[in-house]
Amino acid sequence: MEKDLKFYIVGGAVRDALLGRESHDMDIVVEGATPEIMKSLGFIPVGKSFPVFLHPKTHMEFALCRKEVKTGPKHTDFEFVWEGVTLKEDLERRDFTMNALACPCEVNIETGEITPITLAEEKTIENCYIIDNYEGHQDAINGLIRCVNPIHFIEDPLRVLRACRFAAQLGAYIHSSTMKLMKRMVNEGMLEHLSRERIEEEMFKAMQPGVYSEIFILRMEECGALKVLYPELDALFGNAEKIIYHSTGDTGLHVMAALRHGFNYDMHTKMGVLYHDIYKPKAYKAETKERHDTPEALQYFHSISKKKKYSYKVIKSIEIAIQYHMKMWQVFDGMCIKNFIDMLSEITNGFKEDYEYLLDDLLLVCEADDSSDKTEACIQKGQTKERCQLLKKISKDVYNICKDIKFRDVPDYMDKEPEKVKEKQREMRISAVKHYFKDNNYNFNKEK
């Protein structure tokens with residue numbers, strides 16, 4: 001029975017190996033098997049209708065070669081057919097040619113060890129025989145995202161987001177015919193059937209460190225998905241910036257430049273970069289020309305975030321970015337030391353270590369905002385790389401000074417009312433920071 005089964009490594013693991021990239025997942029498909037055969041070999045079924053099984057020792061997933069039959073408008077509305085399905089049919093249902101690659105392998109059923117079948121003595125995946133029915137190997141090398149089968153592609157609206165995400169992860173281009181399909185799917189309202197959880201999952205994958213996150217947003221904007229799923233982000237594009245400050249001349253393009261600067265930022269930091277100017281279109285259209293970091297800006301984001309599935313950490317990073325990415329620079333423009341300390345206290349929830357990441361995120365947002373599409377006029381006004389590094393140093397130094405002054409450092413703190421202790425602690429922090437500024441010859445602040 002085992003001899004009749006054929007095992008294959010498929011999809012991203014093969015693609016990444018061919019590109020010399022590290023892969024975190026290995027997908028295995030089995031040709032010639034049935035659920036009964038898999039269970040008789042000791043594999044553990046996952047769900048009743050989904051033909052995936054776990055190895056009893058390694059818990060690696062093994063999926064039967066399968067076809068999917070569309071049963072409804074949602075991306076989850078499928079029935080699976082696996083009886084008699086071949087590897088070629090399994091690969092045809094996949095999204096992109098670079099993911100429709102397979103490599104035959106041998107599996108030790110007892111131990112779960114997987115060994116690629118090679119044409120050379122050294123058993124590495126690069127030397128394996130690669131099954132490639134759709135020129136996916138060449139597309140992967142060329143950095144081209146191209147759908148395998150247009151009929152199957154349009155059955156799953158999530159593939160619109162996946163195409164944009166792969167473009168961001170691989171720094172790849174989307175084939176014109178595939179982009180045309182994506183636009184059609186958007187125009188026909190197919191994205192309306194996607195859950196927020198799956199939408200946000202693709203967003204967060206595209207915002208990981210080492211990913212060209214701006215490409216994800218730009219391709220979403222190009223196919224129209226951004227306007228449908230993230231209208232607040234789509235509104236950034238076409239909002240004119242003063243060319244003297246931002247060379248891109250457009251808020252959306254400025255934010256994209258800032259994201260590119262933050263290529264290696266953590267996901268929640270990148271989300272802060274993405275949303276830091278979210279209120280600009282509304283602020284710029286207001287007759288009063290109000291600032292875009294006002295309380296109204298935060299209220300606007302709160303109204304948006306209700307519809308999202310963002311984590312607490314992401315929401316807090318965005319809120320802090322919106323509120324303080326402009327105010328932080330006022331430390332160089334005469335902001336008094338007391339106000340600077342109070343601002344850092346607000347950001348870090350009273351200088352608590354668990355909230356230090358919010359200050360770290362904010363300083364990186366400030367750097368990306370200040371360094372991305374800066375003009376010569378900005379540099380002449382003192383907006384230099386050195387100034388940005390100084391902001392980071394001063395902010396972290398002041399944070400650490402204030403954090404290290406605890407309640408117990410207040411004289412006779414056990415005998416004082418809590419409010420009195422808090423007031424004295426603040427005075428001690430202000431005094432310590434004043435000495436810090438004086439010792440370092442920082443003369444751009446008012447002392448009061």
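This is a predicted model: local features need pLDDT of at least 70, side-chain atom pairs count only at pLDDT 80 or more; totals for chains, interfaces and linings use all residues.
I started with Arg-219 and Glu-222, which sit three residues apart in helix H9 (residues 213–223) and are therefore separated by about one helical turn. Helices here are DSSP runs of H or I with at least four residues, strands are runs of E with at least two, and both are numbered from the N terminus. I found that Arg-219 forms a salt bridge with Glu-222, with the closest N and O atoms 2.7 Å apart. (A salt bridge is a side-chain nitrogen of Lys or Arg within 4 Å of a carboxyl oxygen of Asp or Glu.) Arg-219 counts as partly exposed at 24% relative accessibility, and Glu-222 counts as partly exposed at 36%. My cut-offs: buried means under 20% relative accessible area, exposed means over 50%, and partly exposed lies in between, with a 1.4 Å probe and protein chains only.

Residues are numbered from 1 along each chain as its sequence is written, and side-chain values use heavy atoms, leaving out hydrogens and water.

**Helix H20**

Next I looked up Lys-393, which is found in helix H20 (residues 385–403). Asp-397 forms a salt bridge with Lys-393, the closest N and O atoms being 2.7 Å apart. The two are four residues apart in helix H20, so about one helical turn separates them. Asp-397 is partly exposed, with a relative accessible area of 22%, and Lys-393 is partly exposed at 41%. Leaving out residues up to four places away in sequence, Lys-393 touches Tyr-436 and Tyr-442; contact means heavy atoms within 4.5 Å.

**A buried pair**

Then I turned to Asp-90, which lies in helix H3 (residues 87–92). Is Asp-90 buried or exposed? Asp-90 counts as buried, because its relative accessibility is 0%. The side chains of Asp-90 and Arg-94 meet in a salt bridge of 2.9 Å, N to O. Arg-94 is buried too, with a relative accessible area of 14%. Among the residues that Asp-90 touches, beyond those up to four places away in sequence, are Val-29, Leu-64 and Arg-66.

**Helix H13**

I checked how covered helix H13 (residues 267–275) is, and nine of its nine residues are buried. Including His-268, Lys-270 and Tyr-275, the buried residues of H13 run across several residue types.

**Lys-307**

I found Lys-307 in the loop between helix H15 (295–305) and helix H16 (312–324). Lys-307 counts as exposed because its relative accessibility is 64%.

**The whole chain**

Last, I stepped back to the totals. The chain has 21 helices and twelve strands, and the structure holds 26 salt bridges. Of its 448 residues, 50% count as buried. Along its principal axes, the C-alpha trace spans about 80 × 55 × 40 Å. Of the contacts with a separation of 6 or more, 67% come from residues 24 or more positions apart.
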